[in-house]
Amino acid sequence: MKIYNTLTNKKEEFIPIETNKVRMYVCGPTVYNYFHIGNARPLIFFDVVKNFFEYIGNKVTFVRNITDIDDKLINRSIEEKIPVSQIAEKYTKAFFDDCNALEINPADHHPKATEYINDMIKLIKELVEKKFAYEVNGDVYFSVSKFTGYGKLSGKKLEDLQAGARVEANKQKKHPADFTLWKRAKQGEPKWASPWGKGRPGWHTECVVMSRKLLGGTFDIHGGGIDLIFPHHENEIAQAEASKNQKLANYWMHNGYLNIEGEKMSKSLNNFFTARDILKKYDAEAIRFFFLSKHYRNPIDFNENIIKESSQAVKNFYNCLKSVDYLSFKDEKLNDPDNERKANRDLFLQFMNNDFNTAQVIALLFEIASVVKNNDEPLYRKKIYSHLLVEFGNVLGFFQDLDNKLSNDLSDISGELIELIINIRNLLKKEKNWEIADAIRKDLKEIGIILKDTPKGTNWSINN
Ligand SMILES: [Zn+2]
């Protein structure tokens, strides 16, 4: 299988360190706010990466950290007038609630930065001893010019970083790109004792320590959004290699940006949506479909139409499975005289093995669904293709609650049908055709659907 590695800027054959085992680390949230819809992209995508590695027979160890100490949390605590620890607790819970609502499976480990402070201090000490870091007035910085490999991930050059440095740059630093490993605590800020006085670790140090601690010296995949390449991941590499002279991760994977109707999402443009906001209108699978319908490295544009189409596409998959009464044969062993299962699995593997091309897999799902829906197809073929739809869909994280959704009598489509009947009845009433309007109401009542005419319109309910 091939993975695009940001470190080498090319697709490379993926070879895990240990056969049939994949160890991966994806940068998790800084818990100072509800996460926005752009943050949902790496959550959903790496969820699929994990599923796929398992599907092809690997044991996966997946770590997604929680950054629960950072300047952003401190600022938020001042804004909300509650202690930093409570900010962390509140938004960590919100993070897990929202992930759950998005049907994102938990990672194997969710280390919190504050639980690894001693290990962080140890790493910083090591870097100071090896002269890769220096202390000024209780702050400790990493000296980028001491580390020859600096820029290897992002392609940035030290001279350019120097030239691009802003005038008001921190005078304590030897080079403007030097980054903070340890930050001295100001009055009232959370703090831990260290050889350099009381303070807290820098964000870039947190991830190096937690990933290594839980996954070992060098692990397979380090992932995150494209915005993390510089400086975050560049700085992680610098610390890891300076301290241990050993790669942090072999493959660096980054997902592309999300735009909102062609614009960058920002609070000032008033186009900032939290995942929570979007989940009020659309369900998790529509959001998942939206993200996976584009290759993860491409930018993706969010707008109402696309998400509506995504929602419709997911509904179609469900309707398709309903139309063949999938649950009645879901565990059946099926004969496959033309070996179509293998042919389709080969295609599925080919797409996924090519740097996780979920967009092509989704196109394949449409083709598979069209066989299931086609009434000219023999039943055995419809059944085989239904199984495939669910098998591949599951790897992409769809159909997680399939039994429930299919056995639920009142599907979305029947809701839409009732609305449609109500609209027709309203037209009849407008034409004063009371007789047929009444007959519709009576007939619906007989099958347990109750219509109630109110001054504001007609409501309906199911009489169980
Ligand atoms: Zn990180």
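Which residues in α1 meet which residues in α9?

**Figure 1. Overview of the predicted model.** The protein has 16 helices and 15 strands. Its C-alpha atoms fill a box of roughly 90 × 60 × 35 Å along the principal axes. Of the 464 residues, 36% count as buried. Among contacts with a separation of 6 or more, 73% are between residues 24 or more positions apart. The domain assignment gives domain 1 (2–264), domain 2 (304–407) and domain 3 (412–462). The centres of domain 2 and domain 3, taken over C-alpha atoms, are separated by 35 Å.

**Figure 2. The crossing of helices α1 and α9.** Helix α1 covers residues 40–55 and helix α9 covers residues 284–292. Their axes come within 10 Å and cross at roughly 85°. Angles of 65 to 115 degrees count as roughly perpendicular, and α1 and α9 are therefore roughly perpendicular to each other. On the α1 side, the residues that meet α9 are Ala40, Arg41, Ile44, Phe45 and Val48. On the α9 side, they meet Ile287, Arg288, Phe291 and Leu292. An α-helix has 3.6 residues a turn, so residues three or four places apart point the same way.

**Figure 3. The open sheet β4-β3-β9-β10.** This sheet has 4 strands, and the pairing is parallel. β4 (59–64) and β10 (249–255) stand at the edges; each has a single partner strand, so one side of each is left without a neighbour in the sheet. On average, neighbouring strands of this sheet are turned by 20° against each other, direction ignored. Strand β3 (residues 21–26) pairs with strand β9 (residues 219–225) in the parallel sense, over 3 bridges.

**Figure 4. Helix α6 across the strands β3, β4 and β9.** The 13 residues of α6 (residues 203–215) should span 18 Å at 1.5 Å a residue, and the end C-alpha atoms are 18 Å apart, which agrees. How many of the residues of α6 are buried? The helix is mostly covered, with 11 of its 13 residues buried. Among them are Trp203, His204, Cys207, Val208 and Leu215. Just after α6, Gly216 takes a positive phi of about 100°.

**Figure 5. Helix α13 and the helices it packs against.** Helix α13 (residues 379–395) has 17 residues. From the first C-alpha to the last, α13 reaches 25 Å, close to the 24 Å expected at 1.5 Å a residue. Its buried residues include Ile384, Tyr385, Leu388, Leu389 and Phe392. The buried residues of α13 pack against α10 (304–323), α11 (340–353) and α12 (358–373). Just after α13, Gly397 has a positive phi of about 90°.

**Figure 6. Strands β5, β6 and β7.** Strand β5 (residues 133–136) and strand β6 (residues 139–142) run antiparallel and are joined by 4 bridges. In this pair, Glu135 stands opposite Val140 in β6. The two strands form a hairpin with 2 residues between them, and Asn137 in the turn has a positive phi of about 50°. β6 is also joined to strand β7 (residues 179–184) by 3 bridges, and these strands run antiparallel. The bridge partner of Phe142 in β7 is Phe179.

**Figure 7. The open sheet β12-β11-β13.** Its 3 strands have mixed pairing. β12 (263–264) and β13 (300–302) are at the edges, each with a single partner strand, so one side of each is left without a neighbour in the sheet. Strand β11 (residues 258–260) and β12 pair in the antiparallel sense over 2 bridges. Ile260 has Glu263 as its bridge partner in β12.

**Figure 8. The hairpin of β14 and β15.** Strand β14 (residues 449–454) pairs with β15 in the antiparallel sense over 6 bridges. The hairpin joins the two strands through 2 residues. The bridge partner of Ile450 is Ser461 in β15. Strand β15 (residues 457–462) is hardly covered: among its 6 residues, the count of buried residues is 0.

Technical notes:
Residues numbered from 1 in each chain as written. Predicted model: local features only at pLDDT ≥ 70, side-chain atom pairs only at ≥ 80, totals over all residues. Expected span 1.5 Å × (residues − 1). Buried ≥ 20, exposed ≤ 12 C-beta atoms within 10 Å, placed from the backbone. Pairing = 2+ DSSP bridges. Contact = placed C-beta atoms within 7 Å. Domains from an automatic or database assignment. Axes fitted to C-alpha atoms, helices over the stretch in contact; angles between N-to-C directions. Parallel < 35°, antiparallel > 145°, perpendicular 65-115°, else oblique.
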